[in-house]
Amino acid sequence: WSCAQFVARPVGVCSMMKLPIQASAEGLDAAFVGVPLDTGTSNRPGARFGPRQIRAESVMVRSYNGSTRAAPFDSLRVADIGDVNVNLYNLPDSCRLIRESYQKIVASGCVPLTLGGDHTITYPILQAVAEKHGPLGLVHVDAHTDTGDRALGEKIYHGTPFRRCVEEGLLDCSRVVQIGIRGSSYDPNPYQYCQEQGFRVVPAEECWSKSLVPLMGEVRKQMGDKPVYISFDIDGLDPAYAPGTGTPEIAGLTPAQALEIIRGCKGLNIVGCDLVEVAPMYDVSGNTALLAANLLFEMLCVLPGVKTM
């Protein structure tokens, strides 16, 4: 751990929060993993550069959480284990490579915290995580439900991961909540599929101008003590805060609400998390990636076993 009090921030190899870099998840309780894939994107590309930029901006994230008093590095063994070596020219093959990498990570007892990459990557990640833990609860923050069936004849792209997961029995559909959903749609009843599966859909309109602490109290009851996965698409946030993404939708969540959602997951049996769809070139300020780095730190802070100061 190299703190800016002792090592200048621009110094050193670029790892998540300047953590040690390890070749595998062996011996770790939690690990940051990059999946630099964006060949599943439907609009603006660039999320392949998300992991790199999130790591670069993460130098501003320090080791203790002053708001929640969480002390993750006093509680867990954490490192950055680099990136999955994806195949940019073959999306199904990339899914295989991601699934096999995550099978190794979860087999070692490590909780993966993923830097995306487009939302396609959550499908093979959940294949690996559910293989170990059984059907998962899901806290999904996004502007889109990502439950489409196919596009351009293809069943795998960033608009379909959660339908593929349902079909394969990876999700416990009575414990799935989707928060921040909004925008125009191709379908007159865009939430029909989700509601038929038993998902709870919380449109962005139900979140405007209010605290999400009460919502998260209900979500915690719904999730119970069984395994839960957090999948956070940065486009769940309003593009004023997170313009660096490929499919922005107006009138989204605020960073404060994002913190309420993640902090509201404390106490749940979290077995994995991801932060996807950061496409840095659409935000020259770097703030989208900085926000992403902070949200990943907040996810680390709510993992089981993290003590408070």
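Buried means under 20% relative accessible area, exposed over 50%, and partly exposed in between, with a 1.4 Å probe and protein chains only. By that cut-off Asp 233 is buried, with a relative accessible area of 2%. This is a predicted model, in which local features need pLDDT of at least 70, side-chain atom pairs count only at pLDDT 80 or more, and totals for chains, interfaces and linings use all residues. Residues are numbered from 1 along each chain as its sequence is written, and side-chain values use heavy atoms, without hydrogens and water.

**Annotated binding site**

- The unreviewed UniProt entry lists His 119, Asp 142, His 144, Asp 146, Asp 233 and Asp 235 under "binding site"; UniProt positions are given in the numbering used here, feature names are shortened, and annotations may be inferred rather than shown by experiment.
- These positions are spread over 117 residues of sequence but cluster in space, with a largest C-alpha distance of 12.1 Å.
- From this set, His 144, Asp 146, Asp 233 and Asp 235 belong to the lining of the largest pocket.
- On a 1 Å grid over the protein atoms alone, a pocket is an open set of points with protein on both sides within 12 Å along at least five of seven lines, unlike a cavity, where a 1.4 Å probe fits but cannot get out; lining residues have an atom within 4 Å of a point.
- Asp 233 lies in strand 7; strands (E, at least two residues) and helices (H or I, at least four) are DSSP runs, numbered from the N terminus.
- Leaving aside neighbours within four places in sequence, Asp 233 is in contact with His 119, Val 141, Asp 142, Asp 146, Val 276 and Glu 277, where contact means heavy atoms within 4.5 Å.

**Strand 8 and its partners**

- Seven of the eight residues of strand 8 (residues 269–276) are buried, so this strand is largely enclosed by the rest of the structure.
- Strand 7 (residues 227–233) runs parallel to strand 8 and is joined to it by seven bridges; two strands pair if DSSP finds at least two bridges between them.
- Within strand 8, Gly 272 stands opposite Tyr 229.
- Strand 3 (residues 111–116) also runs parallel to strand 8, through three bridges, and Leu 115 has Leu 275 as its bridge partner.

**Nonpolar cores**

- The largest nonpolar core has 53 residues, and Ile 54, Leu 275 and Leu 303 have the most contacts inside it.
- Helix 9 (residues 287–301) gives the most to this core, with 10 residues.
- A nonpolar core is a set of buried Ala, Val, Leu, Ile, Met, Phe, Trp, Tyr and Cys residues joined through side-chain atoms within 4.5 Å.
- Beyond four places in sequence, the contacts of Ile 54 include Leu 115, Leu 275, Ala 289 and Leu 296.
- A second, separate core of 41 residues includes Ala 79, Val 84, Tyr 102 and Leu 171.

- Ile 181 is found in strand 5 (residues 171–181) and counts as buried at 2% relative accessibility.
- Four bridges join strand 5 to strand 6 (residues 200–203), and the two run parallel; Pro 203 is the bridge partner of Ile 181.
- In helix 7 (residues 213–223), Leu 215, Met 216, Gly 217, Val 219 and Met 223 are buried.
- The buried residues of helix 7 pack against strand 4 (136–141), strand 5, strand 6, strand 7 and helix 8.
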